[in-house]
Amino acid sequence: MTPPDQLPAWYSQHLPAPAPQPQHTGLSLLITYSGRIVPVITTSTALALARIWHEQGAADSVGNMTLMIALSTGSFAAACVSAAHRNGDAVTTAAAFTASGAFALIGPAAYTESWALSVLLWLVATVLVYVVSSRHWRTARQDREARDHQLALARLDSATTVATAVIDHDAKAQALAYGLTLARAVEQRIELDPATYDPAALTKTGLPELPGHTAEISSDHT
């Protein structure tokens, strides 16, 4: 039987192609992990807009703050629905939580006269968004790793099946070649001297016997 390191050349053609290894660059890493920096960018932008809005008339405006709190509550509810749904998207959920934090920040930050309170609200909103979103990022990463693991197992099972079929094919081909060689040797021996040919002597050598073939050849030449 052919050793595993000397399998036929066509064997490699039946193996699944190895999965391409991703080449990470600065841009690809930025795109991959862009969702991690969206919350802080969003809440920072919200803080800046809130202070601009404060200067343009939102100061001490209860109605404007109430509107932002209502929008924040709606975004938070949408995020919870997306998080609870089995087909919910982690990016959508994180974006909804980020929007909720941003709206919750804009109202009080635009209402209050204190910069310190505005910065404190920005810090609290940013931390809360990251705390809530991190769970969904972790779940998405675990799901991705589970899919990659299942794919690797499927590829390994496929490769094992191909290797088993190749080894079985190789063993049968070599057994057939051996049988044909043995049959030709027996025929040549009988042709040389049929009178002294002894089938039992072939069995005594320990060589595999060809079922029915030896007896047929012997009967044809006697």
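Predicted model: local features only at pLDDT ≥ 70, side-chain atom pairs only at ≥ 80, totals over all residues.
1. The largest nonpolar core has eleven residues: A46, L47, A50, A58, M68, A102, L105, I106, A109, A110 and A125. Two elements, α2 (34–58) and α4 (90–111), each give two or more residues to this core, and α4 supplies the largest share, with five. A nonpolar core here is a set of buried Ala, Val, Leu, Ile, Met, Phe, Trp, Tyr and Cys residues joined through side-chain atoms within 4.5 Å. Buried means under 20% relative accessible area, exposed over 50%, and partly exposed in between, with a 1.4 Å probe and protein chains only. In soluble globular proteins, nonpolar side chains tend to be buried together.

2. Residues are numbered from 1 along each chain as its sequence is written, and side-chain values use heavy atoms, with hydrogens and water left out.

3. On confidence, the mean pLDDT of the chain is 75, and 75% of its residues reach 70 or more; pLDDT is the predictor's confidence in each residue, from 0 to 100. Among the elements of the chain, α5 has the highest mean pLDDT (85) and helix α7 (residues 213–221) the lowest (46). Over residues 210–222 pLDDT stays under 50, and for these residues the model has 17 contacts beyond four places in sequence. Contact means heavy atoms within 4.5 Å.

4. The chain has seven helices and zero strands, and its pattern along the sequence is α-α-α-α-α-α-α. Helices (H or I, at least four residues) and strands (E, at least two) are DSSP runs, numbered from the N terminus. Of the 222 residues of the chain, 24% count as buried. Among contacts in the chain with a separation of 6 or more, 76% are between residues 24 or more positions apart.

5. L105 belongs to the largest nonpolar core. Apart from its neighbours within four places in sequence, L105 is in contact with T43, A46, L47, S118, L121, W122 and A125. Of these partners, A46, L47 and A125 are listed as residues of the core as well.

6. Helix α3 (residues 62–84) has 23 residues and should span 33 Å at 1.5 Å a residue, which agrees with the 33 Å between its end C-alpha atoms. The expected span is 1.5 Å times one less than the number of residues in the helix. Which residues of α3 are buried? They are M68, S72, S75, A79 and S82; M68 is also a residue of the largest nonpolar core.

7. M65 lies in helix α3. Beyond its neighbours within four places in sequence, M65 is in contact with G107, P108 and Y111.

8. A search of the whole structure finds one aromatic pair. The ring centres of F76 and F97 are 5.6 Å apart and the ring planes stand at 65 degrees, so the pair is edge-to-face. Rings of Phe, Tyr and Trp (its six-membered ring) pair if their centres lie within 6.5 Å; planes under 30 degrees apart count as stacked, over 60 as edge-to-face and the rest as tilted. Because F76 lies in helix α3 and F97 in helix α4, the pair ties together parts that are 21 residues apart in sequence. F76 is partly exposed, at 43% relative accessibility, whereas F97 is buried, at 7%.

9. How many salt bridges are there? The count comes to two, a salt bridge being a side-chain nitrogen of Lys or Arg within 4 Å of a carboxyl oxygen of Asp or Glu. R141 and E145 form one of them (3.9 Å, N to O); both lie in helix α5 (residues 115–192), four residues apart, about one turn of the helix. R141 is partly exposed at 34% relative accessibility, and E145 is partly exposed at 46%.

10. D168 forms a salt bridge with K172, with the closest N and O atoms 3.3 Å apart. These two residues are also four residues apart in helix α5, and therefore about one helical turn separates them. D168 is partly exposed, at 38% relative accessible area, whereas K172 is exposed, at 56%.

11. E113 is placed in the loop between α4 and α5. E113 and D60 are 53 residues apart in sequence and 8.0 Å apart in space, C-alpha to C-alpha. Leaving aside neighbours within four places in sequence, E113 is in contact with R51, H54, A59 and D60.
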